[in-house]
Amino acid sequence: DINNYEAFWSELASVSFKWTHTAKHADELFTRIGVGFMGQYYKDAGEYDDETEGIFDYQAGAGIKKETFALGLDFLGRMILTEDESLARRTIHQMQLTVSGKINNYEPYGFFRVPLEDDSDMFIDYAYGIGLRYNFK
């Protein structure tokens with residue numbers, strides 16, 4: 001998964017911050033925007049030019065949310081800020097379909113992501129996952 005590769009790379013330490021705002025609209029529709037920043041430190045840079053990287057994450061989406069069900073479609077992007085390459089070589093974009101439910105305070109969810117650039121498939125053709133959130137409200 002391009003958006004979470006740092007979780008599976010033992011030679012990489014990262015610190016990240018993400019802010020997401022969801023606005024509710026009439027008829028159970030919602031829109032969402034998000035931005036984030038991640039600082040990465042490569043423990044053994046090896047083939048890499050730098051030991052550190054700065055990464056900017058961004059997202060925009062919309063969907064419908066019922067009382068016990070939600071469906072959303074998001075555009076996701078990730079840009080490396082600390083490289084000298086062209087913008088096209090420093091960014092990757094994906095579309096994500098998310099389905100979630102609600103059972104009391106629990107929210108089971110699933111997602112499916114596909115890359116939008118032609119050369120993105122050198123990393124991955126698609127990604128999918130499931131999860132469970134708990135709301136303390």
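Reply: The following account begins with the chain as a whole and then turns to its surface patches. The model is a predicted one. The chain contains one helix and seven strands, and from the N terminus its elements follow the order β-β-β-β-α-β-β-β. Of its 137 residues, 32% are buried.

A nonpolar patch on the surface is formed by Phe69, Leu71, Leu73, Leu97, Val99, Phe112, Tyr126 and Tyr128. Together these residues have about 760 Å² of accessible area. Strand S4 (69–80) and strand S5 (91–101) each contribute at least two residues to the nonpolar patch. The most comes from S4, which supplies three. Phe112, another member of the nonpolar patch, is located in strand S6 (residues 106–115). Phe112 counts as partly exposed because its relative accessibility is 38%, and membership of a patch requires over 30% relative accessible area and no salt bridge.

The surface also carries a patch of positive charge, in which Lys24, Lys65, Lys102 and Lys137 gather. Lys24 belongs to strand S1 (residues 12–24). With a relative accessible area of 75%, Lys24 is exposed.

Contacts within the chain complete the account. Among those between residues at least 6 apart in sequence, 45% join residues at least 24 apart.

Notes. Residues are numbered from 1 along each chain as its sequence is written. This is a predicted model: local features need pLDDT of at least 70, side-chain atom pairs count only at pLDDT 80 or more; totals for chains, interfaces and linings use all residues. Side-chain values use heavy atoms; hydrogens and water are left out. Patches are made of residues with over 30% relative accessible area and no salt bridge: like charges are joined within 9 Å, nonpolar side chains (Val, Leu, Ile, Met, Phe, Trp, Tyr) within 5 Å. Accessible areas come from the Shrake-Rupley method with a 1.4 Å probe; for residues, only the protein chains shown count as cover. A salt bridge is a side-chain nitrogen of Lys or Arg within 4 Å of a carboxyl oxygen of Asp or Glu. Lys and Arg count as positive and Asp and Glu as negative; His and the chain ends are not counted. The place of a charge is taken as NZ of Lys, CZ of Arg, CG of Asp or CD of Glu. Helices (H or I, at least four residues) and strands (E, at least two) are DSSP runs, numbered from the N terminus. Buried means under 20% relative accessible area, exposed over 50%, partly exposed in between (1.4 Å probe, protein chains only). Contact means heavy atoms within 4.5 Å.
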